[in-house]
Amino acid sequence: METSRASPVTKTVNAMATDFLTIQRAIEGDERALRALWSQHAPHIDAVVRRLAGDPDLAEDIAQEVWIQIFRALPTYRGESQFGTWAHRIAVNRTLNALRRTRRLTKIETDMDEETVSVEHTGDQAMLRSVIDAAAAKLSPGARTVFVMHDVEGFTHEEIAKELGITPGGSKSQLFKARAKLRRLLAHLVDAPSTGTGQENAAPAY
Amino acid sequence: MQHLPIERLAELADGEPNATEQLHLAECAMCAAERVAYMRVVAMAADERRRIAPPVTNWGALSAELRNQGVITTKAETSARKVFIAKVTRMAWQVAAGFGILVTGLVTGRMSAGMPLRTALAMGVPDSTSGMQLAMNTDDFTSTASAMQVLQKAQQDYERAMMYLAKYDTSTSEGATQAYRTTLAALDEMAETSLKALSQSPADPIINQVYFTTLGARNMTLGKLAAALPVGARLSRF
């Protein structure tokens with residue numbers, strides 16, 4: 001009876017023990033263990049890579065490189081954080097390195113382009129999510145990277161500054177510019193319906 | 001009315017307005033609505049983090065590359081490597097034990113010849129013993145690269161210590177030669193096992209390192225054993 005009602009702590013401990021055994025087997029080169037880790041974490045890890053890369057083809061190449069790096073680094077995993085968190089950190093670092101190589105981050109202070117796109121309104125939640133992804137792809141590489149790292153992945157400005165070799169102030173400036181552009185691109189989704197007509201919904205003409 | 005700047009409103013999506021801004025937001029419906037719009041952008045971004053999407057990688061291509069790079073190994077290779085590591089660990093302890101006997105023998109020999117204990121100890125404990133102790137504690141390593149570094153340093157320290165002993169230590173006690181013979185036998189077994197493992201995994205860096213370290217240590221021990229023999233005695237067996 002007690003086993004069927006395991007506490008969240010017990011479940012977490014059990015999950016970590018299972019992860020630990022899988023990781024041990026993966027370090028020894030066991031394909032089934034490596035595949036189990038990939039199956040469990042690829043939806044999150046690949047999503048991080050895809051968001052940072054912006055381009056699906058580029059993301060595919062980088063994600064493969066990221067997974068090879070994660071598996072090669074497995075013997076250095078000391079279990080101080082959850083495997084997913086550890087792998088997430090590698091994914092971000094490796095993706096940023098790959099983007100630097102492809103010179104997509106060389107000019108981090110790139111001015112925002114003023115291209116406008118219309119975004120269709122839809123009530124479907126899944127579509128809403130893909131819409132912000134598509135809108136973020138319209139940002140300059142530097143602004144998209146800062147936006148994804150801060151607002152999506154939860155990095156602080158200090159961490160972003162360290163990763164990208166810019167100042168925390170530069171990171172903030174890029175983020176607010178990115179939000180401002182996304183706010184315009186997603187106007188149909190983020191403007192409050194209760195505010196009335198289109199004229200009233202428009203952003204203030206500052 | 002002076003509206004709040006766009007970038008400040010974007011910042012206020014997850015930041016706190018100051019007293020003046022708070023007053024303005026309370027009075028200006030347009031700026032308040034703008035702030036709410038930015039909050040929605042930030043909330044959508046946070047939702048994005050939880051999104052589960054089909055992976056962009058596929059296991060077929062990934063596993064082929066992992067196999068290519070030696071990350072995925074066959075069961076036979078994995079098992080052979082495990083057996084090899086277990087054997088080498090056991091033999092390393094034998095070598096360490098032989099080395100311990102050797103140092104004890106040397107110190108005892110010197111003391112029986114009238115040397116003070118402090119001097120005998122100072123001469124008889126080469127740098128390599130600390131390297132060996134470090135290598136046995138697996139918690140000291142943070143990566144395979146750091147472990148390899150320690151392994152290489154231990155090899156260099158061992159060789160330096162053996163060269164020093166070969167040059168300056170004139171002890172010829174029976175205990176010392178017996179300790180060299182024990183060490184040499186263990187090193188020979190290690191070299192043979194390493195060679196067998198190398199034939200199965202010729203490119204494995206750890207097995208290569210162990211093999212060459214063993215050969216280096218074996219040569220040094222052999223030289224020291226020959227030097228430790230009494231004048232006129234020849235090394236025919238150990």
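Two residues are in contact if their C-beta atoms, placed from the backbone, lie within 7 Å. The views below come from a predicted model.

**Figure 1**
Chain B has 10 helices and zero strands. Along the sequence, its pattern reads α-α-α-α-α-α-α-α-α-α.

**Figure 2. Chain A, with its 10 helices.**
Chain A has zero strands. Its pattern along the sequence is α-α-α-α-α-α-α-α-α-α. Of the 206 residues in chain A, 36% are buried. Take the contacts in chain A between residues at least 6 apart in sequence: 65% of them join residues at least 24 apart.

**Figure 3. Where chain A touches chain B.**
Chain A brings 44 residues to the contact, and chain B brings 43. On chain A, at least two residues each come from helix H2 (31-53), helix H3 (56-72), helix H5 (125-136), helix H6 (141-152) and helix H8 (168-185). Sorted by class, this side of chain A has 24 nonpolar residues, 16 charged residues and four polar residues.

**Figure 4. Helix H2 of chain A against helix H4 of chain B.**
Two packed helices are described by the angle between their axes and the distance between the axes. H4 of chain B spans residues 59-68. The axes of H2(A) and H4(B) come within 12 Å of each other. They cross at roughly 135°. The two helices are therefore oblique to each other. The crossing of H2(A) with H4(B) is right-handed. From H2(A), the contact uses A:Glu31, A:Leu34, A:Arg35 and A:Trp38. From H4(B), it uses B:Trp59, B:Leu62, B:Ser63 and B:Leu66. By class, five of these contact residues are nonpolar, two are charged and one is polar.

**Figure 5. A:Glu60, a residue of helix H3 in chain A.**
Is A:Glu60 buried or partly exposed? A residue counts as buried if 20 or more other C-beta atoms lie within 10 Å of its own. A:Glu60 has 19 C-beta neighbours inside 10 Å, so it counts as partly exposed. Set aside its neighbours within four places in sequence, and A:Glu60 is in contact with B:Val56 and B:Thr57. Within chain A, the C-alpha atoms of A:Glu60 and A:Arg50 are separated by 7.7 Å. These two residues are 10 residues apart along the chain.

**Figure 6. The buried residues of helix H7 in chain A.**
H7(A) covers residues 157-164. A:His157, A:Ile160 and A:Leu164 are buried there. They cover an arc of only 60° around the axis, which puts them on the same side of H7(A). What do the buried residues of H7(A) pack against? Their partners are H6 and H8 of chain A. A:Gly165 follows H7(A). The phi of A:Gly165 is positive, near 70°.

**Figure 7. Helices H6 and H7 of chain A.**
The axes of H6(A) and H7(A) come within 10 Å and cross at roughly 140°. An angle over 145 degrees would count as roughly antiparallel. H6(A) and H7(A) are therefore oblique to each other. Their crossing is right-handed. H6(A) supplies A:Thr145, A:Val146, A:Met149 and A:His150. These meet A:His157, A:Ile160 and A:Leu164 of H7(A). This contact has four nonpolar residues, three polar residues and no charged residues.

**Figure 8. B:Ala191 in helix H9 of chain B.**
H9 of chain B runs over residues 174-200. B:Ala191 has 19 other C-beta atoms within 10 Å and is therefore partly exposed. Which residues is B:Ala191 in contact with, leaving aside its neighbours within four places in sequence? They are B:Tyr211, B:Thr214, B:Leu215 and B:Arg218. The C-alpha atoms of B:Ala191 and B:Phe212 are separated by 8.4 Å. Along the chain, B:Ala191 and B:Phe212 are 21 residues apart.

Definitions and conventions. Residues numbered from 1 in each chain as written. Chains lettered and ligands numbered in written order. Predicted model: local features only at pLDDT ≥ 70, side-chain atom pairs only at ≥ 80, totals over all residues. Helix = DSSP H or I, 4+ residues; strand = E, 2+ residues; numbered from the N terminus. Nonpolar A, V, L, I, M, F, W, Y, C, P; charged D, E, K, R; others polar. Buried ≥ 20, exposed ≤ 12 C-beta atoms within 10 Å, placed from the backbone. Arc of directions from axis to C-beta. Axes fitted to C-alpha atoms, helices over the stretch in contact; angles between N-to-C directions. Parallel < 35°, antiparallel > 145°, perpendicular 65-115°, else oblique. Left-handed = near helix turned anticlockwise from the far one by under 90°.
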